[in-house]
Amino acid sequence: MLDGIAARESWVSPQAVSPEACPALVLNADFQPLSYFPLSLWHWQDALKAVFLGRVMVVSEYERIVRSPSFAMRLPSVIALKEYVEQGRWPAFTRFNLFLRDRFRCQYCGAHEDLTFDHVVPRALGGRTTWTNVTTACAPCNLRKGGRTPQAAGMFPRIKPYRPTRRELQDAGRAFPPNYLHESWRDYLYWDTELEP
Ligand SMILES: [Zn+2]
């Protein structure tokens with residue numbers, strides 16, 4: 001695997017790459033990323049520290065070598081926790097997770113821009129701020145719906161708001177590949193693009 005990287009990066013000396021550009025992908029003990037979106041990455045110094053403390057195993061490495069007077073080692077590109085971190089079935093009810101559930105799309109018109117939250121049953125009518133009553137809406141749709149129920153406004157969310165499991169949010173996150181994807185990460189991230197022959 002590393003030979004492939006070396007061939008492709010042969011124009012640039014590995015030592016010319018800044019360590020800052022070498023984050024480590026963090027996998028749980030089951031070799032699944034701790035998080036897909038945002039992708040679970042550690043700064044190289046945190047990754048090295050965890051290696052020295054024996055908390056992680058190195059799964060794959062960069063060509064980049066860091067040195068001190070007493071040692072030299074390649075920076076890890078993929079590490080796996082030795083102890084499985086239980087993440088719980090239900091993710092927290094946060095802005096980010098709500099947008100992620102709804103794939104960062106307005107649930108009324110499908111827009112990706114200018115996203116806000118809409119109480120499907122308005123608060124003034126007793127609607128609560130919960131997974132099952134809040135949906136992603138763009139500002140124009142939010143304004144158009146105003147303080148009305150879906151029936152009164154004739155506006156229904158494409159997907160009825162629901163409480164997602166962590167697994168469902170992970171799956172949603174896979175739809176958003178990171179800007180930077182090191183070759184050695186691909187085996188652990190199952191983006192759709194990878195399934196092409
Ligand atoms: Zn909209």
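Among contacts in the protein between residues at least 6 apart in sequence, what percentage join residues at least 24 apart? The figure is 62%. The model discussed here is a predicted one.

Along the principal axes, the C-alpha atoms fill a box of roughly 70 × 35 × 30 Å. Buried residues account for 24% of the 197 residues.

The domain assignment gives two parts: domain 1 is made of residues 2-88 and 176-195, and domain 2 covers residues 95-153. Taken over C-alpha atoms, the centres of domain 1 and domain 2 are 37 Å apart.

Next come the helices and strands. The protein has six of each. Read from the N terminus, the elements follow the order α-β-β-α-β-β-α-β-β-α-α-α.

Four of the strands make up an open sheet, arranged in the order S2-S1-S4-S3 with mixed pairing. S2 and S3 are the edge strands, and each of them pairs on one side only. Helix H2 packs on this sheet and touches S1, S2, S3 and S4. The direction of H2 makes about 85° with that of S4.

Strand S2 (residues 41-42) pairs with S1 in the antiparallel sense over two bridges. Leu41 in S2 is the bridge partner of Leu25. S1 and S4, in turn, run parallel and are joined by three bridges. Here Leu25 stands opposite Val78 of S4. S3 and S4 form a hairpin, with four residues between the two strands.

Which way do the residues of strand S1 (residues 24-27) point? Ala24 and Val26 point one way, Leu25 and Leu27 point the other way, and all of them are buried.

Some of these residues return in the largest nonpolar core, which has 16 residues. Those that touch the most other members are Ala24, Leu25, Leu27, Trp44, Ala47, Val78 and Ile79. S1, helix H2 (44-52), S3 and S4 each give two or more residues to this core. In soluble globular proteins, nonpolar side chains tend to be buried together.

Ile79 shows how such contacts reach across the chain. Leaving out residues up to four places away in sequence, Ile79 touches Ala24, Val26, Leu27, Ala47, Ala50, Val51, Val56, Met57, Val58 and Val59. There is also a second, separate core of seven residues, among them Leu115, Cys138, Cys141 and Met155.

Methods: Residues are numbered from 1 along each chain as its sequence is written. This is a predicted model: local features need pLDDT of at least 70, side-chain atom pairs count only at pLDDT 80 or more; totals for chains, interfaces and linings use all residues. Domain bounds come from an automatic or database domain assignment. Two strands pair if DSSP finds at least two bridges between them. A residue is buried if 20 or more other C-beta atoms lie within 10 Å of its own, exposed if 12 or fewer, and partly exposed in between; C-beta atoms are placed from the backbone. Two residues are in contact if their C-beta atoms, placed from the backbone, lie within 7 Å. A nonpolar core is a set of buried Ala, Val, Leu, Ile, Met, Phe, Trp, Tyr and Cys residues joined through C-beta atoms within 7 Å. Axes are lines fitted to C-alpha atoms, for helices over the stretch in contact, and angles run from 0 to 180 degrees between N-to-C directions.
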